[in-house]
Every structure is written in structure tokens, then in C-alpha cells.
Amino acid sequence: MAALSRARRAELLRAAGDIRRRGQRAGWRVDQIAHTICAELPQMQPLEAWRLAYGWSRPQAIDGITALYVEQDLAPPALNPAMLCRWEHGTIAVGPEYAALLCTLYGTTADKLGLPRKRTSVMHLQPGAGSGYGAWHGRHAMTDDQSAALTAVGESVQLAVEADGPAGGPATRDALQAAVRYYALRYSSFPPALLAAEVHRTRTLVTQMLRRPQTDADRSELRRLAGWLSALVGNTAFHVADYAAAQIHFATAARLGATVDDHDLICWTLGAHAMTAYTQDRHQDALDLAGEALDYATTPLRRAQIIAWAQLRATAAFGPSRRSDAARLAGRAQDEMAADPRGDQPGRFGFDTAELLLHLGEAALLVGDHAQALAHARASQDHIPHGRPGWAAAVLLQARGEAARRRWADAAALAGDVLDTIPAQSLRETARGRLRALDRELTAASDPGAEARALHERIAELPPLAGIRHSSDEPNGNA
């Protein structure tokens, strides 16, 4: 096949995006979308068509392959977007190990990806019908290996304490720093209650060390780490709707941040506290907390997060009368995001384009701009892998946008996709709240249709979220 010009490739990408959106509106499966892209755009190779059917960028697909390696306790591969581009355009052949990974990632066979049919047992990965990265991290999100890997993080900290002694030492602090990074970066991979138990266990070790004699520098570092762990515990409490506990843990995190002058910790925690107030419909409290958080925001990205996370949504919650204020805040959040030279930051304590778009869409829905809400919801989905909690939030926002336009069947189908993809115990309270809001909107319609009635039954049958049973001492500024 002759090489395609950049202009022609751009046309193909736009056309593939249009096909994906058409398929989503019609309720097609990913394999149907990929097949249609290949049929209507014969110049596009199947491997690229499948990626675009999921709505992933090349870096997102590489993240999926890297996650598969990590789940097998293997070092991540030296894979980059340029290499994936060459595979997709057929300029270099895909090796057998990567072929197996791509089949698993996209949940299909080598034939359908246009890859040679070579068997490999390197990683013992078998593609499953209708799986893919989203299902791998959604329907199959908690394998025994993943659970063991999570437990092993806390055990590594415990072993470091055994080596350094009860007060800890350099190895222990290094292990704690690594644990905080792991919990933050893999936050979305675990049910909230399970992650909370492990973070509690690690934080208890810090509490015990703080009761031992420490140098001022070591005590300050332990307090800082305890603060970030408390922030994580608060976030897990928030995601199982234990808002009283979330506020206690966030307050502890902010207090610890103040003792060590960690403005980033204080800022994030106040923002999370504002998010909790917003969820409880305490919108003025959320605005007040967001204002405090901005005083500690030291980077454009953090300012973008606080504005979108707390100020924008809380302002929009007052309704259409605040549309102009919401528009001003939305523009400011986008400007701050664009101004940060580092770009998107991963993990629970980071912020990215997908989340920004989600909050912009939620605010648009609150002020009655349904077309804008739908546009932001779809754009958010394009920036996040299928099956992640953020994907679920964006799809449910799109569903509510469709319901606002009286497209009851489309709204119910989108919500059904979320319920089909995310296991009940991994479906956070934030997603459940969005489902309940959608259900109320559909139920209020005079005749929303059979799809909406079936969705109502599925939502009513959702089992309650597992609570966070473990408790531990709250380290504070006096420890």
C-alpha cells in the first residue's frame, strides 16, 4: 500500500472518530465499531482501527500494555508511540510477545488485528471475547495477583521497619515514599475498601514510628508521609460514601501538612474536603473551602484542579442563574491547565485533561447547557481508557445529557454499558450517585421506555458497597 500523506491520515482519523461516535449512539460493541472502521476506511490497518474503536490515544494503549506487564510482576517494556505507530502503519512487524499483549489489550484475536498467528507463552496471556483493557481493569480488575501485589507493598514497609528498628530509618522512609506513590498511581485499580485497609495498615506503621524518638528532620518527613496516607484514606472513605470519616481524615491530612509546611498536601486536601461538601449539597461550604485551597495552590495545574473540582461545580450547582460565573471559571480552569508546562499528571494526587473535561461537562449540565455537557463528556472519554472509574463518570455524564434531550433509550444504554463493565464492588459511590440521578430523571419522564425500566431494576438491585471496617490511630501535628 502506498504511503499516505499527513492530510489523508488526518482525514482517516476524523472519519474513524465519527464512526466510533455513531457506533456508541447505536449501542455497538467495540468489535462492531472496529469492523465498521476497517470496512468503511480500507486504507486504515486493523491494528489502528481497533485502538481507535476504543477511543484511545497511542500513549493510552501503551499504558495498557505496560499495566499488563506490571500485573505479571515484569519490568515495563521499552515501548513508545513511534514504535506503535510503525506497527499500525505496517512499516515494521509486531513480534510474537507484543502480538499476544495486543490481543489481550484489545480483547480479540491476532487475525482480527491483522497480526501473524504465532503462539507465545511468555506472559501466559489469553485474549477473552469482549475483554480488552477496559474489561481487564474493570470486570477483571481484582485478580489474586493484583491483590497480592497490593498486600506486598505494606509488607515491604514492615520488613524495612524490621531492618531499621521500631523508629524506622532511611530504608523505611524510602519504602514509605514508594508505597504512597504506588497507592496514588494505582488508586483506580482496586475497590476502595480493599485499598483503604492496606493504606490504613501502612499508616499505622507510621503512627508507631512517630511515637519513638526521632530527629526533627525524620519526624517532619514521617508527618508528611502520614499526611498523604491520611489523604488517601479520606478519599477511599469518600468513595464509599462515609463522608464523616472522609472529613476527619482530610482534616488530619491538612493538619499534618501545616506542621511540615507542605502546601501541596494542604491544597489537595482542602480541595478534597470541598469535593465532599459539594457532594453533600453544601455548595457555599465547598466554595469557601475551594477559596482556601487556592491560597495554597503553587502550580497552574493545581489551580486548574481546584477551580474545576470545587469552584466551578459548586458555582454551577446554583443553576442557570450562575451560567456566566460558571463560564468564567471554566475558561480560567482551561487557561491554567494549558499554562502548566508539565501537562497532565497521573495518579490520585494528579490532574489530567480527562478529569478537567468531566468537570466542565458536569458544570454545563448543571447550568442547562446540554449540548456542551455532551461534547465535554465525549471528549473526556477520548482521553481515558475504557473501564476506568473516570470513563464510567464520563459515560454517565453523557447519559444524563442524552436524558436531558429526551433520548431515554440512548441514556439507558449508556448507563447499562457502565453496569456491564464495572463490577458492583468497584462501582464507587460517585458513580452510583450519577446512576441514581439518571434514574430519577428517567423515572420522572411520562414514558421513558422499556430500556429505562430495565435500568431502574438493575440500579435498585445493586448491592451496597463494602464499608471500610479497619480503623487506626489518627496521627496529628502533636505526634
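## How to read helix packing

Axes are lines fitted to C-alpha atoms, for helices over the stretch in contact, and angles run from 0 to 180 degrees between N-to-C directions. Two packed helices are described by the angle between their axes and the distance between the axes.

This is a predicted model, in which local features need pLDDT of at least 70 and side-chain atom pairs count only at pLDDT 80 or more, while totals for chains, interfaces and linings use all residues. Residues are numbered from 1 along each chain as its sequence is written, and side-chain values use heavy atoms, with hydrogens and water left out.

## The chain as a whole

Let's start with the overall picture. The chain has 23 helices and zero strands; helices (H or I, at least four residues) and strands (E, at least two) are DSSP runs, numbered from the N terminus. Of the 479 residues in the chain, 53% are buried, meaning under 20% relative accessible area with a 1.4 Å probe, protein chains only.

The chain exposes about 20600 Å², and carbon and sulfur atoms supply 51% of that area. Accessible areas come from the Shrake-Rupley method with a 1.4 Å probe, and for residues only the protein chains shown count as cover. Now for contacts, which means heavy atoms within 4.5 Å: among those between residues at least 6 apart in sequence, 67% join residues at least 24 apart.

## Helices 18 and 19

Find helix 18 (residues 353-366) and helix 19 (residues 370-381): they pack at an angle of about 165°, with their axes 8 Å apart. That angle makes helix 18 roughly antiparallel to helix 19 (angles over 145 degrees count as roughly antiparallel).

On the helix 18 side, the residues in contact are Ala354, Leu357, Leu358, Leu360, Gly361, Ala364 and Leu365, and they meet His370, Gln372, Ala373, His376, Ala379 and Ser380 in helix 19. The residues of this contact divide into eight nonpolar, five polar and no charged. Here Ala, Val, Leu, Ile, Met, Phe, Trp, Tyr, Cys and Pro count as nonpolar, Asp, Glu, Lys and Arg as charged, and the others, Gly among them, as polar.

## Two buried residues

Ala277 is found in helix 14 (residues 263-279) and counts as buried, at 0% relative accessibility. Leaving out residues up to four places away in sequence, Ala277 touches Arg282, Asp285, Ala286 and Leu289. Ala277 and Ala310 are 33 residues apart in sequence and 9.1 Å apart in space, C-alpha to C-alpha.

His283 is found in helix 15 (residues 283-295) and, at 16% relative accessibility, also counts as buried. Not counting residues up to four places away in sequence, His283 touches Tyr278, Ala314, Ala317 and Phe318.

Technical notes
Parallel < 35°, antiparallel > 145°, perpendicular 65-115°, else oblique. Buried < 20%, exposed > 50% of the residue type's maximum accessible area, 1.4 Å probe, protein only.
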